[in-house]
Amino acid sequence: MSSALEAVKALASGFATTFKHLFRKPITEEYPEYKRTLPVRSRARIVLTRDPDGGERCVACYLCSAVCPVSCISMQSAEREDGRRYAAWFRINFARCIYCGLCEEACPTSAIQLSPFFETCERDILKLVYEKEDLLVSHQGKDREYNFYKYAGVVTEVGGKGEHIKEDRPVDIKSNMP
Ligand code: SF4
Ligand code: SF4
C-alpha cells in the first residue's frame with residue numbers, strides 16, 4: 001500500500017514539474033546569430049601553445065599520441081642544435097578526435113590544450129586534418145606562467161642541471177648500485 005502511495009506521489013510531483021514549465025517563457029537561443037560564451041575549460045578545438053618567452057612548448061615526447069584513445073595524433077620529433085626537441089611536423093585528425101582531453105592531461109609541457117572554439121565542421125573530411133601550422137598559436141592558452149624548460153632538468157641560460165626552480169641536483173646513478 002505504502003509503495004503504491006509513493007508511486008502516486010512521484011507521479012504527482014513529475015506532473016507538477018511539467019505543469020510548472022508549461023507557463024514558463026521559453027528561452028530560445030538562435031545559433032549562429034547568438035553565440036554563447038563557453039567556459040575556458042570547454043573541450044573543443046585543440047591548439048599547440050607557446051611558452052611565455054614565445055618558444056614552442058611541444059617537445060615531441062609522443063605522450064599525447066600514445067594516450068589518445070582513437071590514435072588521431074601523429075608527429076615526428078627533431079632536435080635543435082642546442083639540444084631542445086621540437087615537433088618537425090605535428091598532425092591531428094579532428095575527424096576522429098572525441099575531445100576527451102586525455103592528450104592535454106598527459107602533456108608534460110602544457111603545450112597541447114583544448115580550447116572552447118567548437119566551430120570546426122567541414123563538408124570535406126580531409127579539411128579536418130590539421131597540421132602544425134594550423135595548430136600552433138602565439139599565446140599560452142590556459143596555462144600562462146608555465147615554462148617547461150625552466151623545470152626540465154636540462155641546461156638553459158637560466159642555469160645548469162639542478163639549478164632551476166624546485167629542481168633537485170642530478171642523482172649519480174652509480175650511487176644506487178649495490
Ligand atoms: S582530445 Fe582525446 S581523442 Fe582528441 S586528440 Fe586528445 S586524446 Fe585524442
Ligand atoms: S603536445 Fe605535449 S604530450 Fe604531445 S608531444 Fe608535445 S610535449 Fe609531448
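Because the model is predicted, local features need pLDDT of at least 70 and side-chain atom pairs count only at pLDDT 80 or more, while totals for chains, interfaces and linings use all residues. Residues are numbered from 1 along each chain as its sequence is written, with chains lettered from A and ligands numbered from 1 in the order in which they are written.

**The ligand sites**

Let's start with ligand 1. Its shell holds 14 residues, and Cys68, Cys97, Cys100, Leu102 and Cys103 are the closest. A residue is near a molecule when its C-beta atom, placed from the backbone, lies within 6 Å of it.

Around ligand 2 you'll find Cys58, Val59, Ala60, Cys61, Tyr62, Leu63, Cys64, Ala106, Cys107, Thr109, Ala111 and Ile112. Ala, Val, Leu, Ile, Met, Phe, Trp, Tyr, Cys and Pro count as nonpolar, Asp, Glu, Lys and Arg as charged, and the others, Gly among them, as polar.

| Shell | Nonpolar | Polar | Charged |
|---|---|---|---|
| Ligand 1 | 13 residues | 1 residue | no residues |

**Cysteines around ligand 2**

An unreviewed UniProt entry annotates Cys58, Cys61, Cys64 and Cys107 as "binding site". These residues are spread over 50 residues of sequence but cluster in space, with a largest C-alpha distance of 10.3 Å. The UniProt positions are in the numbering used here, feature names are shortened, and such annotations may be inferred rather than shown by experiment.

Cys58 sits in the loop between strand S1 (46-48) and helix H2 (63-67). Helices (H or I, at least four residues) and strands (E, at least two) are DSSP runs, numbered from the N terminus. With 25 other C-beta atoms within 10 Å, Cys58 is buried. Buried takes 20 or more other C-beta atoms within 10 Å of the residue's own, exposed takes 12 or fewer, and partly exposed is in between, with C-beta atoms placed from the backbone.

Leaving out residues up to four places away in sequence, Cys58 touches Leu48, Tyr86, Ala87, Phe90, Thr109 and Ala111. Contact here means C-beta atoms, placed from the backbone, within 7 Å.

Cys107 lies in another loop, the one between helix H3 (102-106) and strand S4 (112-114). This cysteine is buried too, with 22 other C-beta atoms within 10 Å. Under that sequence exclusion, Cys107 touches Leu63, Cys64 and Ile112.

Ala106 belongs to helix H3 and is partly exposed, with 16 other C-beta atoms within 10 Å. Beyond its neighbours within four places in sequence, Ala106 contacts Leu63, Cys64 and Val67.

**The sheet**

Now for the strands. An open antiparallel sheet is built from 3 strands in the order S2-S3-S5. S2 (73-79) and S5 (129-130) stand at the edges with a single partner strand each, so one side of each has no neighbour in the sheet. Pairing requires at least two DSSP bridges between the strands.

S2 and S3 (residues 85-93) are joined over 7 bridges. Glu79 stands opposite Arg85 in S3, and Ser74 stands opposite Arg91 in S3. The hairpin of S2 and S3 has 5 residues between the strands, and Gly83 there takes a positive phi near 90°. S3 and S5 pair over 2 bridges, and Ile92 has Tyr130 in S5 as its bridge partner.

**Helix H1**

Finally, H1 covers residues 2-22 and reaches 30 Å from first C-alpha to last, close to the expected 30 Å. That expected span is 1.5 Å times one less than the number of residues. H1 is hardly covered, with 0 buried residues among its 21.

Definitions and conventions. Contact = placed C-beta atoms within 7 Å.
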